[in-house]
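Hi,

Here is the structure I promised to pass on.

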Amino acid sequence: MSIVYLSLGSNLGDRRQLIKNAIKQIEEQIGHVVRQSALYETEPWGFSSPNKFLNAAVCVESPLTPRQLLQTTQQIERQLGRTHKTFRSSSLASHLPCEGQNEGHPNYSDRPIDIDILLYDDLRIDEPDLQIPHPLMYERDFVMQPLREILQ
């Protein structure tokens, strides 16, 4: 079993319920949720929107490989209403059209749910669609505050 840390965010719809449903799906499809942070309400990062985010982090014991974990988190996002996902590369960001696209950073927009892989054991992966540790997590208080709460 691997120890995985995930970040969750929602700023569309019933944010609290979407986060709760995401954690339930993580438990069912990814592995045992060992710890979860409180919910934090934050301003959007990288774009402007009148919709504030609810953010949380979870620690999960998972048998999934990093690639399986990515595929499963994206599947959960789709199950909970996410229609498009931003894809990063290590040097340039590229994207598909996103729901609620807004001015600011072209890769960020309003979304019902976002699940990011922050850490996976001590692995370091740098692939166009999978980067672990998450390359921007240290720049984002809305990620680091919930993560610090549950780190051992």
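With which side chain does the side chain of threonine 42 make a polar contact? The partner is the side chain of asparagine 55, at 2.6 Å. (A polar contact is a pair of N or O atoms within 3.5 Å; within protein, one must be able to donate a hydrogen and the other to accept it, and residues adjacent in sequence count only if both atoms are side-chain atoms.)

Before going on, a word on where this comes from. It's a predicted model, so local features need pLDDT of at least 70 and side-chain atom pairs count only at pLDDT 80 or more, while totals for chains, interfaces and linings use all residues. Residues are numbered from 1 along each chain as its sequence is written, and side-chain values use heavy atoms, with hydrogens and water left out.

Back to threonine 42: you'll find it in strand E3 (helices, H or I, at least four residues, and strands, E, at least two, are DSSP runs numbered from the N terminus). Threonine 42 has a relative accessible area of 16%, so it is buried (under 20% is buried, over 50% exposed, partly exposed in between, with a 1.4 Å probe and protein chains only). Leaving aside neighbours within four places in sequence, threonine 42 is in contact with Lys52, Phe53, Asn55 and Phe142 (contact means heavy atoms within 4.5 Å).

Phe142 takes us to helix H3 (residues 141-150), where Phe142, Val143, Met144, Pro146, Leu147 and Ile150 are buried. Strands E1, E2, E3, E4 and E7 are among what covers them.

Now the overall picture. The chain has 3 helices and 9 strands, running β-α-β-β-β-α-β-β-β-β-β-α from the N terminus. Of its 152 residues, 51% are buried.

As for the inside, the largest nonpolar core has 25 residues, and Leu6, Leu8, Ile26, Ile30, Val58 and Leu69 touch the most other members. (A nonpolar core is a set of buried Ala, Val, Leu, Ile, Met, Phe, Trp, Tyr and Cys residues joined through side-chain atoms within 4.5 Å.) E1, H1, E4, H2, E7 and E9 each supply at least two residues of this core, and the largest share, 5 residues, comes from H1. Apart from this core lies another, of 11 residues, including Tyr5, Cys59, Leu118 and Met137.

Isoleucine 30 is worth a click too: not counting residues up to four places away in sequence, its contacts include Leu6, Val60, Leu69 and Ile76.

Cheers
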